[in-house]
Protein chains: 2
Amino acid sequence: MLLSANTQIDVKINNQKLIIEYLLSKGPASRADIAKALNTSKPTISKNVDELIRQNIIVELGKADNQLGKKGTFIDINKEYGYILSIDLSKNSMRLSVNNLTGETKGFQKYSYNIDIEDEHILRSIMDLSKVSKDLILKIIIAYPGVVGHNGQYYLSNLKQKEVKMKGFLDYIKCQFNCEIIVKNDINLALIAEKAYNHQIIKGNLYYISFETGVGSGIMINGQLYEGDRNAAGEVGFIIPSQIKTTTTYKTLEELVSINAILERYKSLTDDEISIETFKKKLLKKEEIAQRLYHEIVETISIAISNVTAILDIENVIIAGAVLNINPSMAMDIQALVNQTSPLKAEIIKSELEQPALKGCIYLGTQEVIKSLIK
Amino acid sequence: MLLSANTQIDVKINNQKLIIEYLLSKGPASRADIAKALNTSKPTISKNVDELIRQNIIVELGKADNQLGKKGTFIDINKEYGYILSIDLSKNSMRLSVNNLTGETKGFQKYSYNIDIEDEHILRSIMDLSKVSKDLILKIIIAYPGVVGHNGQYYLSNLKQKEVKMKGFLDYIKCQFNCEIIVKNDINLALIAEKAYNHQIIKGNLYYISFETGVGSGIMINGQLYEGDRNAAGEVGFIIPSQIKTTTTYKTLEELVSINAILERYKSLTDDEISIETFKKKLLKKEEIAQRLYHEIVETISIAISNVTAILDIENVIIAGAVLNINPSMAMDIQALVNQTSPLKAEIIKSELEQPALKGCIYLGTQEVIKSLIK
């Protein structure tokens, strides 16, 4: 029960991790540069760098002037030591990407779910395109638009089709690769990407909410993803924003403000079956019904955000998803109403990240590879 | 930046903490008993016990048969080493309690806010009753029914009167004592007490929601209180359960289901000004308006709980507060509706703890004293 003192090992692991992270973020450097930046002795750095070179994780480049003005041998991450395969099932098309350890894309492909392509073909195709051998894939990260259960179950997806695809694809991948496969909720991965690429500065907590064909959210507490008792934290699509019943059940947030919900609501008001692009145009032309529906949507979204921030007391809220494109001022309109309804300040930040779930896969994959490399 | 190895000190602190916690939970024991229970060597335990005896934190009792069947000198916490003063401002009366390190009450007093008694008198009175010298108070813990700001601000209380009382009382106490004073949200303290005394077994997360003159909640993540960006996490009283506006503003949860709200809503339906006891009787007699209002309240509370558990994915929900006493089956009625509206299982547990905020003060105070004793 008492603490065992394996601090020696922890220090070594931590030093090597810091060296790798330094090189990944700053690029090539000399041993002396790293020692200075990490505020430790050159012998300590050299010892650890040598060990990483022996493992082929770090490579020596030529000599060059270092930051101290002396010629030093520059070292860098061996970018081609291994690769990450990222698979994003979150959007209306499946996206696959192979990236090296510095995040460079070796291959990228997109498949619509509507076209029936065999898993074998999809996989062979991305590997061929990337020109990467299968055994150099060190981690596979999959973004799943639903809850990833503790027992390898995939549920609460907004599309049954994807649950099925997921199951089949996962089984096939498991046979083809020896590396670890991590399946994670797409919104949580998007949040990881937002934090890593856009909001590193935010020290406290972050709330991320996405309005797309589904509505989902993710919670980051002290820089760590909070996933809940059953990996289902942030399933805000299921909240009931109002006690108004339809026939026998309550309408959920997803049934009120997702892309599909908006179009269905417009149809029930006008009998017109339109696309989201048409709805956008109608809004621009200030069509009355479209405008009224828009205000209801903004109201529902704003109250949901106010309620979540009242419970979580999170100041920084990132909003994302295609729904936000229906009106250029939507983020501002939400902010204005949140200011009225939230007990404490909540800052609405519109996401600018393209393909956030896929980027989250790549980022998480790199982190996991680094963790597994250093032992 | 790199890890420094002060593990030696950490191990000592941890050992001493474990010894004290063992004695606090199990009562007197021999050094050998402790060594066995903590799975460490007798010399290590003896060395640490001796240090704690020198500091007068632990005292030696007589010899007795220990669990190994041998005569051993029994040791125990020096219960009268110091005391904790707990002040609960959460209820309609102020409660003060002085407790020793094992939680025994040395004195307890209650004052209505309606009677104007000077701070000086209140404090002298509890100290006289407890027969404890002021300089033996090692921690003061205050339960505040509102948000305790990071800059010593007290706000969002449901009673302005308490904000004023708090400010004056705190200033007075600060002059009178040299020890640390911790002011914490009353609901968070209640949650700490629930976890400590009733739900130690729950490994994951806990959500606690209280319906009283105010409505508040607390969140425990992995056994740790989650307090949010501005110490305001759990301020569920401010959520807007429905988009229905009254005149210009939305009704908050507190304005719909707190004790006062229930009575006001009843009054607006019948023009009768009644007490909560009378409302309870009317419900028992199955009066139609009371029943309809009751069902609306259960519905609002259930949807709020379902929404929170959908976002936080917390399975175990403790419900507390006087509102639950209006109907013996209320917890069951809430559970039934939560089962219908929650995407994942949420277990509704009715709190059985008396004076939870005060108990939370005492528990937290003891923990904080132990932490500060071992250096």
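Contact, in these legends, means heavy atoms within 4.5 Å. This is a predicted model, in which local features need pLDDT of at least 70 and side-chain atom pairs count only at pLDDT 80 or more, while totals for chains, interfaces and linings use all residues. Residues are numbered from 1 along each chain as its sequence is written, chains are lettered from A and ligands numbered from 1 in the order in which they are written, and side-chain values use heavy atoms, with hydrogens and water left out.

**View 1. A buried glutamate, B:Glu235, touches residues of both chains.** Here we look at B:Glu235, in the loop between β13 (224-226) and α7 (254-257) of chain B. Helices (H or I, at least four residues) and strands (E, at least two) are DSSP runs, numbered from the N terminus. Leaving aside residues up to four places away in sequence, B:Glu235 touches A:Ala310 and A:Ile311 from one chain, and B:Gly146, B:Val147 and B:Asn185 from the other. B:Glu235 is buried but has no salt bridge. Buried means under 20% relative accessible area, exposed over 50%, and partly exposed in between (1.4 Å probe, protein chains only). A salt bridge needs a side-chain nitrogen of Lys or Arg within 4 Å of a carboxyl oxygen of Asp or Glu. The nearest side chain of opposite charge is B:Arg230, 11 Å away; Lys and Arg count as positive and Asp and Glu as negative, with His and the chain ends not counted.

**View 2. A:Arg230 and B:Glu315 pair up in a salt bridge.** Their closest N and O atoms sit 3.8 Å apart. Across the interface of chain A and chain B, the rule finds four salt bridges.

**View 3. Chain A meets chain B, with 55 residues in contact on each side.** Together the two chains bury about 4800 Å², 58% of it on carbon and sulfur atoms. That buried area is the accessible area (1.4 Å probe) lost when two parts are put together, summed over both. On the side of chain A that touches chain B, α1 (7-26), β12 (215-221), α10 (288-312) and α11 (330-341) each supply at least two residues. The biggest giver is α10(A), with nine residues.

View 4. Look for A:Asp313 in the loop between α10 and β14 (316-320) of chain A.
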